[in-house]
Amino acid sequence: MTQPLDTNRSTIEATHKAQLVQELMETTAKLQAKFQAEDDEEKQWLVANSSNPEVLSFLQESTVIMLHVIDAIGRLEPVNGITISKQFGIPKGSVSKITRRLVEKEIIRTEYLPGNKKEVLFCTTPLGKEIFDLHQALHRQIDRGVHRFLQRYSEDELKFITQCLQDTIEASWFQADSEGELSLPDTLQGQRTSQDAEDRDEIMKMLKPLSGPELRKAKAILKDVFFTSFDE
């Protein structure tokens, strides 16, 4: 007599879970759209907090990835394009195109090491430094907002959110078994178990010292690399 009830309960639970998964997927799509919309909101903040006509003119035609390249140069100057690409995850081709444009607009300048005319180093000009400082102020503002937002959650909830995000980073959406769990071919399964543990530890070590602005930057760079097309 209990089996039909158990079966019915399992069916209801499976249906409810499927509905929750669908709701989560729809919410994720809305979240991506929100992040993209925030690019405009960030630019509006930059414009509202500058009175320099040259800065305002540049901001009107700048892209998010251009601002991140300026930020990278401001942090590391003098710095070459390869270092910008490696440390900030921006494709080399994009770095080359953007730095050429920034040099033309006198936002950054080039210099060379003594006796080495092949390696080009980038530095900010006074105008570029002003844009860099303004962009840093934006991220401090965002950092305060993120901290205020996260205060609404308990420690256990924050741990759960963190674990979900870590699992999402490691997951692949392209291969799934009949149970709906992500999987790799059998020949790679053992390699993944070991590699995943190493990668997880390495990622955690990389993320642990990052502050709010740096985490925000990591998110923005991923958006730029995978969701933003760059036109010369």
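Arg109 is partly exposed, with 39% relative accessible area. Here buried means under 20%, exposed over 50%, and partly exposed in between, using a 1.4 Å probe and protein chains only. Arg109 pairs with Glu111 in a salt bridge, the closest N and O atoms lying 3.0 Å apart. A salt bridge is a side-chain nitrogen of Lys or Arg within 4 Å of a carboxyl oxygen of Asp or Glu. Glu111 is partly exposed too, at 25%.

This is a predicted model: local features need pLDDT of at least 70, side-chain atom pairs count only at pLDDT 80 or more, and totals for chains, interfaces and linings use all residues. Residues are numbered from 1 along each chain as its sequence is written, and side-chain values use heavy atoms, without hydrogens and water.

The salt bridges come to five by this rule. One of them joins the side chains of Glu61 and Lys105, at 2.4 Å from N to O. Glu61 belongs to helix H2 (residues 53-61), while Lys105 sits in the loop between H5 and strand S1 (108-113), so the pair ties together parts 44 residues apart in sequence. Helices (H or I, at least four residues) and strands (E, at least two) are DSSP runs, numbered from the N terminus. Glu61 is partly exposed, at 40% relative accessibility. Lys105 is partly exposed as well, at 31%.

Another salt bridge links Lys159 and Glu155, at 3.4 Å from N to O. Both residues lie in helix H7 (residues 155-170), four residues apart, about one turn of the helix.

Now to helix packing. Two packed helices are described by the angle between their axes and the distance between the axes. For helix H3 (residues 64-76) and helix H5 (residues 92-104), the axes come within 10 Å and cross at roughly 85°. Axes are lines fitted to C-alpha atoms, for helices over the stretch in contact, and angles run from 0 to 180 degrees between N-to-C directions. H3 and H5 are therefore roughly perpendicular, a label that covers 65 to 115 degrees; under 35 is roughly parallel, over 145 roughly antiparallel, and the rest oblique. From H3, Ile65, Met66, Val69, Ile70 and Ile73 meet Ser94, Ile98, Thr99, Arg101 and Leu102 of H5. Contact means heavy atoms within 4.5 Å.

Last comes a surface feature. Val146, Phe149 and Leu150 make a nonpolar surface patch of about 220 Å². Patches take residues with over 30% relative accessible area and no salt bridge, joining like charges within 9 Å and nonpolar side chains (Val, Leu, Ile, Met, Phe, Trp, Tyr) within 5 Å. Val146 is found in helix H6 (residues 126-150). Val146 is partly exposed, at 33%.

Definitions and conventions:
Areas by Shrake-Rupley, 256 points an atom, 1.4 Å probe, with all protein chains shown as cover.
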